[in-house]
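Subject: Handing over a structure, with notes

Dear colleague,

I am passing a structure on to you, and I would be glad if you would read these notes with the model open beside them.

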Amino acid sequence: MRERLGRDCLYVPSCRLAMYLALRHWCRPGGRVLMSPVNDDVIFFVVLAAGLRPVQAPLRPEDGSIDVAAVPESVWHGLSAVLTVNLYGNPDPAPELRSRCHLLGIPLIEDVAHALGSEVEGRLVGTFGEASVFSLSKLPDAGTGGVLAFADPALRRPLERARDELLGPGSPVSELAYGVRPYAEAGVRGLRLTAAARAAVRLLGLLDRTDIRQSLRVGELRRAMTAAGSPQALVDFDSWIRVDMHDYRMRPGGVRLRRTERKMARLDDRLAAHRAGTAKLLASRWAVPRPGPVQPLFRVPLLVADRDAAIALLAAERIVTGYLYDPPLDDYAGEWFTDASPSPDAARYFARHALPADPLKAERILAVLERGAVAPAPPFTTGTRPGRRTGAAGAPAVDETVRLRAHPYGEPRV
């Protein structure tokens, strides 16, 4: 990674721990961080655990990237940092964000979990900010590990010390489970036991979600906020941050490291395959191509009229759709825990209509959508209000017809 990026890199057990490490180093507790509302809720809780206030950015409706021009001046001047997401590998406008951060004297931190290999103006994503965090579980497909990259090599020793203080002890049982998991998954697919296997994994505590977003648990979260930004924070926020990855800060063993090395050695071939599949998906009637060369996207967000129906069609052909981020974080969490986007409708539109398509399954996915006569999403217009329920803190209801229903993520509201 150091050779690829041209900057110093530090291995960590997970991208989420790398993000926490970066936020704790470059941001003082109490600061405000501009971020995307269409993002994994785990990252949202990492920001809270670091003692920071999330500020949700306006997005471009066609690809979910940050709309720099739509951020009000009053918001810019109240920030302590900007956090990109590069959703599904589509780059955020890093040069413009870099310029803004430079003028304001605040750090740009890049989340490159989905975008290892993506470029902006011929420059790799992850080389614009003071720090960038990568997932080795996503495009490299190692199933573990992350990288924190940083511009100043003098920071390596203090960042190493901070990382080591956060690591938990290794676990032989977890290491064994990691070692056999790919073979077990392959056997399950061959025997067509996916549903039973998922149930077993859930019983073992390795799959925590029952919906797209995890339960907010407002009362518990407000109590955890009292430790935000302190050395105790990861303990108090553990039940939110560890979701679907209980070993996110476990010291890695030899099995993990050796497999990661093998996967990274084949990364360029993997990126080429993702680029080829991305080109096929972008040529379809459900895609909105971006200008410039084709990127090796982790997922291609196809915009469909009825995403849930499309997911069901794919599931019937044993194609699992993951990496959904609906509703946006400001609708999910509400004003107790985040500042809402000044222009939320584009994020709601994208979150509701985006169908993340795996480029490695491009031909199968396109065939299913064609057979099912899946309609493309309607064009976005300001004021688009998809029918989704909202957050636990009194955020305006997206659809008045569901205003009095129970909150879908576990918190009652009236």
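This is a predicted model: local features need pLDDT of at least 70, side-chain atom pairs count only at pLDDT 80 or more; totals for chains, interfaces and linings use all residues.

Residues are numbered from 1 along each chain as its sequence is written, and side-chain values use heavy atoms, with hydrogens and water left out.

The overall make-up

The secondary structure of the protein comes to 17 helices and 11 strands, where helices (H or I, at least four residues) and strands (E, at least two) are DSSP runs numbered from the N terminus. Of the 414 residues in the protein, 54% are buried; here buried means under 20% relative accessible area, exposed means over 50%, and partly exposed lies in between, with a 1.4 Å probe and protein chains only. If we take contacts between residues at least 6 apart in sequence, 72% of them join residues at least 24 apart, a contact being heavy atoms within 4.5 Å.

The sheet

Seven strands form an open sheet with mixed pairing, in the order S1-S9-S8-S5-S4-S2-S3, and two strands are said to pair if DSSP finds at least two bridges between them. At the edges are strand S1 (8-12) and strand S3 (53-56), each of which pairs on one side only. From one strand to the next the twist averages 20°.

S4 runs parallel to strand S2 (residues 32-35), to which two bridges join it, and Leu34 stands opposite Val82. S4 also runs parallel to strand S5 (residues 108-111), with three bridges between them, and there the bridge partner of Val82 is Leu108. Between S4 and S5 the chain passes through helix H5 (residues 94-104) in a right-handed β-α-β crossover, meaning that, with the strands pointing away from the viewer, the path from the first strand over the helix to the second runs clockwise.

S2 and S3 also pair in the parallel sense, over four bridges, and Val33 stands opposite Pro54 in S3. Helix H3 (residues 41-49) packs on the sheet, touching S2, S3, S4 and S5, and its direction makes about 135° with that of S3; axes are lines fitted to C-alpha atoms, for helices over the stretch in contact, and angles run from 0 to 180 degrees between N-to-C directions.

How enclosed is strand S9 (residues 146-150) by the rest of the structure? Five of its five residues are buried, so S9 is largely enclosed. The pairing of S1 and S9 is antiparallel, over five bridges, and Cys9 has Ala149 as its bridge partner in S9. Strand S8 (residues 131-135) is likewise joined to S9 by five bridges and runs antiparallel to it, with Val133 and Leu148 as bridge partners.

Around Gly117

Gly117 lies in the loop between S5 and S6, and at 12% relative accessibility it counts as buried. Leaving aside neighbours within four places in sequence, Gly117 is in contact with Leu124, Leu271, Arg275, Gln295 and Pro296. The C-alpha atoms of Gly117 and Gly89, which are 28 residues apart along the chain, are separated by 8.3 Å.

Backbone details

Asn86, in the loop between S4 and H5, has a positive phi of about 50° although it is not a glycine, and Asn86 is buried, with a relative accessible area of 2%. Arg318, in the loop between H14 and H15, also has a positive phi, near 65°, but Arg318 is partly exposed, at 32% relative accessible area. Pro327 is found in the loop between helix H14 (307-316) and helix H15 (329-333), and a cis peptide bond, with omega about 5°, joins Asp326 and Pro327.

With best wishes
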